[in-house]
Amino acid sequence: MTQPFSIAIHGGAGTILRSQMSDELKLEITQALEKSVLAGHQVIQGGGDALDAVVEAVKVMEDCPHFNAGKGSVLTHDEIIEMDASVMHGRDMDAGAIAGVRHIQNPIELARDVMKKSDHVLLFGEGAEKFAFEHGYEYTEQDYFHTERRYEQLQSMKEKGLFALSESKFPESETPSQTQYPDDKKFGTVGAVALDQQGNLAAATSTGGVTNKKYGRVGDSPIIGAGTIAENGNVAVSTTGMGEFFLRKMVAGDVAARMRYLKEDVHTACEHIIQGELKTMGGEGGLIAIDQQGDIHFGMNSSGMYRASVDTRGNVEVKIYADE
C-alpha cells in the first residue's frame, strides 16, 4: 500500500536583496530550484526511495554555479574548494557524511555511498577521497569548481581581514559594487527532505562552507543531528545558516526531539527553534522539514531562503523571499 508523498528543497537562507536581484538572475535561480525539486519528485513518483530522491535533488543544485555547493562552492583562505555533505535515511536512521573533500564533483553522492558501502558515518579529507576513488569516483580538478563570483568574494574578505559566516557578508555600510550579488549575505548550503510512497523519510545537505575559512573549518552541514536528520514516523530536516550556531544548538536534532517527546507538530517545533533561542544567540538562517504525513515546513529568521516544494497533492511552489 502506497501513501501520499512529497519533497522540499532549499538553496540557502539569509539576506537576499530584491533591490539587487535582476529579472534574469531571478529566473535562472527559480528555474534551477524547480529543476531540482522536480528531479527528486520524479524519483518518488516512480516508486523510488526517499534517499535517492533527495540525492537527485541536491545534485542539481551542486551542478549549478548559483548555489554554494559543488560547482558554485566558495573559496577558502588558500583559494581552494573544500566541500561537506551528509545524508540520512529514516527507516533505520542510517547516515553517511563527508567533510573537506576537494576533488569530488557531487559530494552528496559520496555521502550516500559512505552510508551504503562503508561501516562508518563520517569520513573527511584525503581519507574520504581515497574511499571515493576506490569506489569508482573520478578525480575532478579544482578548476571545475572555481567561479569568478567566488574569487571576488574571497578577495573582498581578505582585504578586510574577515572570514564570512555567510557566503560573503559585505559590511552594511559598503556601497554596492557591480560585482556584488543580491545574495552575498546568504548562507549557501543546499538541502532536500522527502517522504516516499513506502513511508520513508530522508534528508540530504551539501555545502561549500564559508568564504575565507581556515584550518579545515567544518560547519553543521555534514554533522548528523545538527545539519541533517531523518527519522521514520517523525521528521526529516535539512538546515542552512551560521554553521557554528546550528552546531551549538543541534538544530535538526532539536526539531526531531521536540516532535518526538513534546508531540509538537512540524510547524510548531521548527518555529520554536528558528525564532527562539537560535535567533537570540545570533544564529541567522533557516531549515526545511517534512513530517510523516508529508506536511512541509520552511522556517527562516532571515529575509529570504531559496526554496521549492511539491506537496502531497502535486502542487509545485518556488519561492525566494520570506514574505512570499
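In which loop is the place of N232? N232 sits in the loop between β8 (228-231) and β9 (235-241), where strands (E, at least two residues) and helices (H or I, at least four) are DSSP runs numbered from the N terminus.

This is a predicted model, in which local features need pLDDT of at least 70, side-chain atom pairs count only at pLDDT 80 or more, and totals for chains, interfaces and linings use all residues. Residues are numbered from 1 along each chain as its sequence is written, and side-chain values use heavy atoms, with hydrogens and water left out.

The pLDDT is the predictor's confidence in each residue, from 0 to 100. The chain averages 91, and 91% of the residues score at least 70. Over residues 170-179 the pLDDT is below 50, and this stretch has 13 contacts in the model beyond near neighbours in sequence; a contact means heavy atoms within 4.5 Å. Where pLDDT is low, the predicted coordinates should not be read in detail.

Next comes the chain as a whole. Its secondary structure comes to nine helices and 13 strands. The radius of gyration, taken over C-alpha atoms, is compared with a globule rule of 2.2 Å times the number of residues to the power 0.38. For 324 residues, a compact globule would have a value near 20 Å, and the 18 Å of the chain agrees with this. Along the principal axes, the C-alpha atoms fill a box of roughly 60 × 45 × 35 Å. Among contacts between residues at least 6 apart in sequence, 69% join residues at least 24 apart.

Of the 324 residues, 60% count as buried. Buried means under 20% relative accessible area, exposed means over 50%, and partly exposed lies in between (1.4 Å probe, protein chains only).

Two residues show how these terms are used. K59 lies in helix α2 (residues 50-62). K59 counts as buried because its relative accessible area is 18%. Leaving aside residues up to four places away in sequence, K59 touches N106, I108 and E109. K59 and Q105 are 46 residues apart in sequence, and their C-alpha atoms are 9.3 Å apart in space.

N232, in the loop between β8 and β9, has a relative accessible area of 26%, so N232 is partly exposed. Not counting residues up to four places away in sequence, N232 touches G90, R91, G199, N200, L201 and Q292. N232 and Q275 are 43 residues apart in sequence, with 25 Å in space from C-alpha to C-alpha.
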